[in-house]
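I opened my notebook for a slow walk through this one.

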Amino acid sequence: MQINKIMSYTFDKEDLKQIDAIKAKYPTVQSATMPVLWYAQDKFGHVNAEVQHLVATTLDIPESHVHGVATFYTQYYKKEMGKYVLDVCTCFSCQVCGGYDMLHYIEDKLGIKAGETTPDGKFSIQEAECLGACGYAPMLQVTNDVYVNHLTKEKIDSMIDGLKEDKLPEYEEILPPQLISKD
Amino acid sequence: MPEIIIDDKKFTYDTPGKVLPFILDHGMDLPFFCYHPSLSIPANCRQCLVEIGTPVFDRATNSFKTDENGEKVIQFFPKLMTACSQDMSDGMVVKTHVSSEKVRRAQKDTLEFILVNHPLDCPICDQAGECPLQIQTYKYGPEGSRFEYKKVHKPKRIQLGPRVVLDAERCINCTRCVRFTHEISKTYQLSIVSRGDKNYPSTANGKEFDDAYSLNTVDICPVGALTQADFRFKARVWEMNQTPSIDITNGKGTNVDLWVRDNLVLRLTPRHNPHVNDYWMPDSSREAYRLFNENRISRPEIKLDKELVKTSWNNAKETIAEIIEAHDTKEVLVLGSGYASVEENFVFNQFFTALGCGKASFVPHVVEGAGDGFLLTDDQAPNTKGCELLGFRAHTNRTFKNALAKATVVVVLAEDIVGRELANAEDLAGKTFVYFGTNNNTTSKDAQLVVPITCAAEHAASYVNVDGRIQRTFAAKETVYTSRATNLEMSTGRLDRFGTKFDNWRTDKNKVDCLPVWEFLSELAPRLNQTLSYETGKEVLTAVSSSVDAFAGVDYDKMDTEMGVVLSTPETEEKTA
Ligand code: SF4
Ligand code: FES
Ligand code: FES
C-alpha cells in the first residue's frame with residue numbers, strides 16, 4: 001500500500017470543530033499548539049513546514065512559535081515519514097543490552113539506515129534516546145505508540161511481518177520481577 | 001526607607017525593583033547575560049547567581065528575631081538565587097562574588113558549562129572586544145576547560161535576514177533576540193528551535209528575518225552569534241572611536257553612536273535615551289553611514305561649460321558675492337531645510353536676510369504612512385520642527401514652485417530639490433543656482449556653484465525632533481580643516497591616540513574638504529560688508545536662544561546633561577512668530 005501524497009494541506013470543517021474544542025480547553029490559544037500539532041500529525045502523518053504553517057495560521061499564532069515547538073520534540077515528524085516509524089532506543093541501558101545490534105538488524109532487514117524511509121513508504125527507522133523502558137531493554141517504539149520490549153531478532157521478524165499486514169504489535173504487560181510468579 | 005545589604009554594605013532604596021539592576025546601578029559588578037532592562041526576565045543563563053537571605057520574622061513575638069548582639073537573624077535561601085529575577089525586600093542580605101566563595105564557584109562553573117560547546121574563535125569574531133561572554137570569562141571564568149571532546153557543531157553563516165547573520169555555534173541561548181521580536185518590535189519572527197545542546201534562534205521555515213528593527217538583536221546579543229551583514233569583518237571594535245550623535249534619517253531624533261575609524265563612519269548603534277528611543281533604533285537609520293562617507297562633495301565646484309569643476313574657496317566666496325551684487329536681493333529665493341541643523345538654518349537665514357533677501361523658507365518632507373508609531377516617522381527630515389520654530393515659512397510643493405518661478409537667484413541649503421522632485425532642470429534653467437550641500441546628487445548637478453558643507457558627523461549642531469525635543473551631535477569625523485588632536489570635544493580611539501601618520505591604517509584620504517555653513521558665511525561676510533562671525537555651532541546656538549523665543553534658555557550643556565531639551569510647543573510658537 002502506498003501512502004497518499006497530500007499535495008496541499010488543509011483542515012476541513014470537522015477538523016476545525018475539533019481544533020476549536022482543543023482551544024476551549026486552554027486559557028490562551030498558544031497553549032493549544034502542542035495538541036493541534038498532534039492532531040495535524042495524526043491527519044497528515046507528519047508536521048512538515050507546510051503543516052506548521054497551516055497550524056500557525058489556523059490558530060493565528062506566530063509561525064516561529066509553532067516551528068520552535070515542533071522542532072523541540074522528536075515525536076513530531078518534521079518531514080514525511082513511513083507509515084510505521086520504528087524508534088529504536090540506543091541510549092545507555094538499551095545500548096549495553098544490544099540496542100545497536102537490534103538497530104543494525106532492522107536496518108539490514110529493511111535495507112535502509114536510521115533516519116531513512118523505505119521506498120514503498122511503509123517503514124522509517126529512527127535512533128531514539130531513552131524511552132523510559134530501560135527495564136525491558138533493548139526496546140523500540142512503533143510510531144509514537146506501542147512499545148516492543150526485550151527485543152530479539154525473532155521478535156523483530158514477527159513484528160515486521162505483522163506491520164506489513166498493518167497489524168500493530170500487542171501491548172505487553174510487564175510486571176516488575178518481584179511480582180512475576182515463579183510457578 | 002527600606003534597606004538592602006549587599007556585601008556587608010548598607011543601601012537604601014525607594015522604588016522597588018530587582019537585585020541585579022540595583023547592584024549595577026550602584027557601580028558594583030555582577031556578571032549576567034540574559035537580563036536586559038527593557039525586556040522580560042527569563043532568568044535562563046544562571047550567570048547572576050548570588051546568595052540571598054532575609055531577616056527571620058517571629059510570629060509569636062510579632063518582631064524580627066535577633067541574636068545575642070541584637071542583630072537581626074538572617075536566613076539564607078538554601079540554593080543560590082538569580083539576582084535578575086529576585087525582588088528586593090526590606091532587610092534583604094545579598095552576597096555576590098565579593099563576599100561569597102559559593103558565588104565565585106557558581107560563576108566559574110556556569111561559565112565552564114556555557115563554554116563547553118562555545119567555539120574559541122575570538123580572534124576572528126566580530127564581537128571580540130565588546131563581548132560580555134569574553135569579558136566575563138576573563139573576570140570570573142575558569143582558567144581552562146575540562147571538556148576535551150569534540151564540540152557540538154551547529155549551522156554557521158546563516159543569513160537569517162537581509163541584514164543579520166547567525167553563527168549558531170556561538171549562541172548561548174539567552175533568548176534576548178527572541179524576546180526582542182516578541183516584546184519590542186512585535187514581529188514574533190524569531191523562536192528558539194531544536195533542543196538541548198543543538199538549539200539556536202531561527203525564523204519559521206523559509207521565512208526571512210526582515211524585521212524593520214532586526215539589527216537591534218545584533219546589539220543585544222551577548223556573544224558574536226548575531227552579526228550585522230554589512231559590518232562583519234570591517235573593523236575590530238577597539239580600532240574605532242565612538243561619538244554620540246543623532247539619527248538624521250527621520251524625524252524621531254533617535255540617539256545614536258557613530259563608530260569611526262580613519263574618518264570613515266563604519267557603523268551606527270543606538271544610544272540609550274529613555275525619552276526618545278530607549279535602547280533601540282530602526283535598521284534604516286543605520287544606513288546613514290553611507291551618507292557620511294560616500295559620494296561626498298569635497299572642495300567647492302563651479303560650472304564651466306556645463307561641467308562642474310573644482311575651484312578654490314576664495315573663488316566660491318567671490319562668486320557668491322558677485323551674484324548678490326549683480327541681482328536685486330528681492331529676487332533671491334533662500335531655501336532652508338529640515339535636513340540641516342538649527343544652527344545652519346539660522347545662520348543661513350541671518351546672512352541672507354541681512355543682505356535684503358526675503359526670509360528663508362523650506363519644504364517639509366513628509367511621506368504619509370512611512371511612520372510606524374515607534375521609531376520611524378512620516379517626517380523624513382531630522383529638523384522639520386527646528387525650521388518651523390525658526391519661523392521659516394513651510395512651502396507646499398506647489399507654493400514652492402510658484403516662489404521658484406519668480407526668483408532669479410536660488411540659494412539652497414542641503415535640500416535635494418531635484419531628487420525630491422520639487423523642481424527639475426527646466427525650472428532651474430536660466431536661474432543662478434547656488435547649492436550648499438554635503439553629498440553629490442541630482443540637485444548639485446544642476447547648480448552653478450556648489451559649496452561643500454559639513455555633515456552631521458563632522459560638526460556639533462542641533463536638531464529638533466517631531467516631539468519638539470532639541471538634541472545635538474558631536475563632530476566624529478575630521479574634515480580637512482579640523483583635527484581630533486586639537487578639538488577636545490572629538491573622541492579618540494586607540495588608533496587615534498597611539499597611531500602615527502605613517503601607520504597604514506591612518507590616511508588623509510577620508511577627510512572631506514568642506515566647511516560648516518556658519519564658518520563659510522562668516523568668512524564671506526566682510527566681502528559683502530556684513531558682520532557675521534561664528535566659529536562653532538555652540539556660538540550659533542547661543543545667538544539662536546537669545547533671539548528666538550522658542551529656544552530661550554537652551555544651550556549645549558543643558559542638552560548634554562538632560563539628554564535633549566523639550567522646546568515650547570509649535571502651536572504657541574506659530575502664534576507669536
Ligand atoms: S543569538 Fe545571541 S541574543 Fe539570540 S539567543 Fe543566542 S546568544 Fe542570545
Ligand atoms: S535506555 Fe532504552 S529505554 Fe532507557
Ligand atoms: S541574568 Fe541570566 S539568569 Fe540572571
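**Entry 1**

Buried here means under 20% relative accessible area, exposed over 50%, and partly exposed in between, with a 1.4 Å probe and protein chains only. In a regular strand the side chains alternate between the two faces of the sheet.

I noted that this is a predicted model, in which local features need pLDDT of at least 70 and side-chain atom pairs count only at pLDDT 80 or more, while totals for chains, interfaces and linings use all residues. Residues are numbered from 1 along each chain as its sequence is written, chains are lettered from A and ligands numbered from 1 in the order in which they are written, and side-chain values use heavy atoms, with hydrogens and water left out.

Next I looked up the partner of β19(B). Four bridges join β19(B) to strand β22 (residues 409-413) of chain B, and the two run parallel. I found Val412(B) in β22(B) as the bridge partner of Leu335(B).

**Entry 2: an open sheet**

Which order do the three strands of the open sheet take? I read it as β25-β26-β27 in chain B, with antiparallel pairing. In chain B, β25 (462-464) and β27 (565-566) stand at the edges with a single partner strand each, so one side of each has no neighbour in the sheet. Strands pair if DSSP finds at least two bridges between them.

I then followed β26 (residues 469-472) of chain B, which two bridges join to β27(B) in an antiparallel run. Ile470(B) has Val565(B) as its bridge partner in β27(B).

Helix α8 (residues 342-354) of chain B lies across β25 and β26 of chain B, at about 95° to β25(B). For such angles, axes are lines fitted to C-alpha atoms, for helices over the stretch in contact (heavy atoms within 4.5 Å), and angles run from 0 to 180 degrees between N-to-C directions.

**Entry 3: the two chains**

I counted 17 helices and 27 strands in chain B, and seven helices and four strands in chain A. Helices (H or I, at least four residues) and strands (E, at least two) are DSSP runs, numbered from the N terminus.

Of the 577 residues of chain B, 55% count as buried; of the 183 residues of chain A, 42% do. The C-alpha trace of chain B spans about 95 × 55 × 45 Å along its principal axes, and that of chain A about 55 × 40 × 25 Å.
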